[in-house]
Amino acid sequence: MANADCIVIQGSNMAECHPVGFQWVEEAKARGAVVIHVDPRFTRTSAVCDKHIPIRAGSDVVLLGALINHVLTHDLWFREYVLAYTNAATLVSEDFRDTEDLGGLFSGFDPQTRQYDPSSWTYERDEAGAPSTDETLQHPRTVFQILKRHYARYTPEMVRDVCGIDPAMFDYLARAVTANSGRERTTCFAYAVGWTQHTLGAQYIRTAAILQLLLGNVGRPGGGIMALRGHASIQGSTDIPTLYDMLPGYLPMPKAGRDDTLRQYLDRVGSKSQKGFWANADAYLVSLLKAWWGDAATADNDWAYHYLPRLTGPHGTYQAVTGMLNDEVEGYFLLGQNPAVGSANGRQQRLGMSHLKWLVVRDLNLIESATWWKDGPEIASGELCTQDNETEVFFLPAASHVEKAGTFTQTQRLLQWRHQAVAPPGDCISELEFFIKLGNRIRARLAGSTDPRDRPLLDLVWDYPVDEHGDPDPEFVLAEINGHQLAGPDAGRCVSGFTELRADGSTAAGCWIYAGVYGGGINQAARRVPRGGPSPNQSEWGWAWPADRRILYNRASADPDGVPWSERKRYVWWDEQLRRWVGNDVPDFVIDRAPNARPDPALGGPDALAGDDPFVMQPDGKGWLFAPKGVVDGPLPTHYEPQESPIANAVYRQQRNPARITFPRKDNLSAPSAGEPGADVYPYVFTTYRLTEHHTAGGMSRWLPYLAELQPEMFCEVSPALAAERGLENFGWATIISPRAAIEARVLVTDRMTPLMVGGHTVHQIGLPYHWGVGGDAVVSGDAANDLLGVTLDPNVQIQESKAGSCDIRPGRRPHGEELLRLIAEYQSRSGATPETGNADIDLERRD
Ligand SMILES: Nc1nc2c(c(=O)[nH]1)N[C@H]1C(S)=C(S)[C@@H](COP(=O)(O)OP(=O)(O)OC[C@H]3O[C@@H](n4cnc5c(=O)[nH]c(N)nc54)[C@H](O)[C@@H]3O)O[C@H]1N2
Ligand SMILES: Nc1nc2c(c(=O)[nH]1)N[C@H]1C(S)=C(S)[C@@H](COP(=O)(O)OP(=O)(O)OC[C@H]3O[C@@H](n4cnc5c(=O)[nH]c(N)nc54)[C@H](O)[C@@H]3O)O[C@H]1N2
Ligand SMILES: [Mo]
């Protein structure tokens with residue numbers, strides 16, 4: 001980011017939420033970069049940017065789509081980059097139909113299942129099976145022409161009418177981005193959960209990716225799209241996932257009925273005939289299975305592939321809670337998570353837990369998820385009664401990050417080692433120790449079992465050495481993740497990188513993308529040379545996956561001939577003398593593949609990559625403007641309104657993302673949207689966010705007097721205009737009501753909230769921090785913003801839409817007990833909301 005000439009921060013309050021990373025924005029600024037903040041609110045980020053552009057929450061695809069349209073219609077795209085490195089020239093199947101043809105849907109939609117069959121989105125192929133192309137880009141079915149037609153509607157006027165951004169402001173943004181792209185200059189985008197927490201969150205990021213590819217801003221210094229990662233190692237917990245649908249290193253979890261055999265699975269993940277590094281998925285998976293099941297994983301049993309669980313559907317946290325409410329779940333482990341406060345529809349979360357037989361909470365403090373049974377909101381409302389509650393709750397104290405050693409992986413995919421600073425007090429232990437001991441006990445209980453379903457547990461490699469205090473060694477685990485040779489003279493040697501991994505059982509590795517972090521038997525993540533050493537990319541600080549590469553796809557930083565696009569932006573290039581790629585980073589390419597190499601595509605794998613195929617993980621080696629597969633809700637991003645919206649979709653008749661995941665239940669009602677009867681009952685937009693002084697659901701900040709004192713009370717931010725409209729007083733109380741709950745908050749009247757003119761009427765947005773919860777143990781408590789939110793999810797990643805909802809606001813405190821329930825019910829009945837509201841069949845969604 002420090003190398004960017006323009007930075008657009010959109011969907012994040014970077015200065016307050018990512019202050020360490022923000023130093024690179026400051027550095028870019030000091031070197032003359034333009035920094036723009038696009039956000040519904042004016043924040044401390046906006047305060048240090050060149051320009052703040054207020055936007056209506058949930059409308060970013062229109063703004064980004066209009067930038068794409070601007071770049072295409074004004075011929076501002078980076079022609080050589082786009083032609084050589086993207087799929088612009090590739091032809092799409094004759095069967096494909098765009099949202100332009102189908103009123104906002106793509107071809108392949110099944111209204112019954114609400115899922116797309118993506119088979120019509122594929123490339124057209126020639127007799128040899130290679131994608132057909134038209135290098136002139138004139139063919140109407142080239143990706144380039146499809147893109148042009150798809151985004152033609154996304155005009156500055158559309159931006160004004162949907163986002164509430166006037167054309168002069170749009171013009172400023174478009175000029176800044178395009179003037180700072182090309183050979184000599186690069187623009188970078190940064191986003192966080194302002195983009196992701198929507199019913200089409202993944203598509204927000206895709207829209208930015210298309211724009212950045214058109215402008216040639218991918219794989220180059222100062223380019224890219226920074227996914228500002230949240231919790232300390234949230235990147236690490238997707239790399240080695242706590243997610244239900246992935247295995248380490250982004251290998252998907254097998255699906256029942258589709259991936260029944262190892263062969264079926266591997267053909268889907270990375271067939272041997274496709275180009276690029278996913279063709280070696282067999283080496284990554286077999287090495288993982290060897291790391292987990294050791295000698296029990298053999299060629300004869302397909303490396304114990306059958307020990308892996310199979311997915312029968314989405315099993316995310318919200319599905320789990322629905323399962324609890326339906327009495328389908330008996331027990332629950334909450335480890336480092338406070339869903340009673342932090343998850344959407346808090347009441348559902350708490351009531352779900354009240355259906356459990358047992359609940360284990362491991363945390364630093366007695367958080368609300370461990371105390372809802374004695375002093376939660378449902379005790380106050382009379383919906384739950386402590387005496388009658390049958391859930392047995394176990395609280396186990398956890399060691400904090402300073403009380404244990406290990407790695408954090410941050411936004412740049414950089415693993416950094418932390419040493420233990422102090423020993424944990426009392427009974428507090430680390431997650432590592434807890435799981436090793438839990439595993440030991442379960443395995444002891446199962447010892448001697450002949451039940452085949454116990455084999456995966458009994459056959460696990462579970463031999464963690466402990467020190468004289470009985471504590472396990474986290475470096476041993478890092479080495480296990482790194483992987484090692486199992487056979488031959490090198491047996492036991494740590495592998496130096498993922499290209500050493502094999503599919504014949506001769507290597508083990510717990511996460512292929514981390515292979516090399518313990519290369520040479522040295523903890524590379526602990527490297528801490530001041531300023532990262534002499535190299536421009538600070539390569540001697542920590543270790544970045546994969547292969548210690550600091551910028552992904554960096555072969556694109558040179559032109560098709562391997563020459564840097566410009567002196568100013570040189571990064572990785574082809575050295576004709578040495579016959580290899582060299583430069584300021586570990587080249588993200590086959591090291592000796594010459595720029596003009598055109599190997600036979602039939603070779604498959606890395607061998608098939610042409611010298612100008614920088615996107616080495618893609619089966620065609622190209623950056624995808626159009627995604628023929630992989631995104632379940634469409635090959636091109638399209639604007640849909642949030643689940644709850646005061647605006648009718650101005651782009652298409654289809655109001656909401658047709659493939660979104662809904663939970664039509666009485667305890668999860670949606671507000672009617674514009675054009676539906678009752679929409680005026682919840683007339684305002686609310687959005688939720690963080691404060692500098694608190695952390696997420698508050699477990700690490702509301703228990704600290706120093707921080708609690710700085711932000712003691714739940715509040716809402718409203719504009720002076722909305723305050724006048726509703727009679728709200730600065731520092732007074734307000735009650736905010738959604739179809740799920742009513743909460744109270746102190747009022748902060750501020751110009752930082754801007755009423756927006758959208759589609760001819762004023763949209764007021766209310767800002768709500770989400771750090772408070774109801775309970776008696778924290779230093780400060782208060783109503784939770786998440787009680788207001790409903791659960792509707794993005795279909796790609798199952799994230800909740802917590803950045804845009806509908807509500808009413810009125811002065812004064814909320815009622816208590818039964819009266820509170822009556823207030824919520826009175827609003828619900830006035831709005832006419834039923835479980836079908838907002839969840840109707842696709843045909844009904846279309847208004848004429
Ligand atoms: N001090 C502090 N730092 C934190 C955290 C914390 O709790 N406290 N939490 C950490 C975690 S877990 C995370 S995930 C990150 C999150 O980092 P951020 O995403 O930067 O944090 P949020 O405050 O949720 O900010 C999202 C921003 O998006 C804006 N926004 C809301 N809706 C929209 C929209 O539709 N479009 C656009 N363009 N903007 C929108 C909000 O006004 C807000 O300013 O922060 C991390 N850092
Ligand atoms: N409305 C709304 N809701 C949101 C968001 C939003 O923007 N708006 N953001 C979402 C996001 S991005 C996130 S990440 C979630 C966060 O939601 P949660 O993860 O549910 O909330 P946290 O408060 O971060 O919970 C982390 C807990 O871990 C404990 N802890 C800290 N260190 C350790 C440890 O080493 N071991 C153990 N066992 N416990 C530890 C802390 O005390 C804390 O209670 O909230 C989500 N919810
Ligand atoms: Mo997060």
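Me: In what sense do strand 1 and strand 2 pair, and over how many bridges?
Reply: This is a predicted model, where local features need pLDDT of at least 70, side-chain atom pairs count only at pLDDT 80 or more, and totals for chains, interfaces and linings use all residues. Residues are numbered from 1 along each chain as its sequence is written, chains are lettered from A and ligands numbered from 1 in the order in which they are written, and side-chain values use heavy atoms, without hydrogens and water. Helices (H or I, at least four residues) and strands (E, at least two) are DSSP runs numbered from the N terminus, and two strands pair if DSSP finds at least two bridges between them. Strand 1 covers residues 6-10 and strand 2 covers residues 34-38; their pairing is parallel, over five bridges.

Me: Which residue in strand 2 is the bridge partner of valine 8?
Reply: Strands of a sheet pair through backbone hydrogen bonds, either parallel or antiparallel. In strand 2, the partner of valine 8 is isoleucine 36.

Me: Which helix packs on the sheet and touches strand 1 and strand 2, and at what angle to strand 1?
Reply: Contact means heavy atoms within 4.5 Å. Axes are lines fitted to C-alpha atoms, for helices over the stretch in contact, and angles run from 0 to 180 degrees between N-to-C directions. The answer is helix 2 (residues 22-30), and its direction makes with that of strand 1 an angle of about 145 degrees.

Me: What is the strand order of the open sheet of five strands, and which are the edge strands?
Reply: The order is 3-2-1-6-7, with parallel pairing. An edge strand here pairs on one side only; these are strand 3 (51-53) and strand 7 (225-227).

Me: How many degrees does the twist average from one strand to the next?
Reply: The twist is taken from one strand to the next and then averaged. The value is 20 degrees.

Me: Which strands does helix 8 lie across, and at what angle does it run to strand 3?
Reply: Helix 8 spans residues 167-179. It lies across strand 1, strand 2, strand 3 and strand 6 (187-191). Its angle to strand 3 is about 125 degrees.

Me: Why is strand 14 largely enclosed by the rest of the structure?
Reply: Buried means under 20% relative accessible area, exposed over 50%, and partly exposed in between (1.4 Å probe, protein chains only). Strand 14 is largely enclosed because of its five residues, the number buried is four.

Me: Which residue in the hairpin of strand 13 and strand 14 takes a positive phi?
Reply: Most residues other than glycine have a negative phi, and most peptide bonds are trans. This hairpin has four residues between its strands.
Reply: Proline 546 lies in the loop between strand 17 and strand 18 (572-575). Omega for the bond from tryptophan 545 is near -15 degrees. The bond is cis.

Me: Which strands does helix 21 pack against through its buried residues?
Reply: Helix 21 covers residues 474-482, and seven of its nine residues are buried. Among them are Val477, Leu478 and Ile481. Their partners include helix 13 (281-293) and helix 19 (431-446). The strands are strand 13 (406-409) and strand 14 (414-418).

Me: Which residue caps the N-terminal end of helix 21?
Reply: A side-chain oxygen of the capping residue lies 2.9 Å from the backbone nitrogen of glutamate 475. The cap is aspartate 473.

Me: Is phenylalanine 731 buried or exposed?
Reply: Phenylalanine 731 lies in the loop between helix 23 (720-726) and strand 23 (733-737). Its phi is positive, about 70 degrees. Its relative accessibility is 59%, so it counts as exposed.

Me: Is tyrosine 307 buried or exposed?
Reply: Tyrosine 307 sits in the loop between helix 13 and helix 14 (317-325). Leaving aside neighbours within four places in sequence, tyrosine 307 is in contact with Trp293, Arg455, Pro456 and Asp459. At 14% relative accessibility, it counts as buried.

Notes. Polar contact = N/O pair within 3.5 Å; in protein donor to acceptor, adjacent residues only side chain to side chain.
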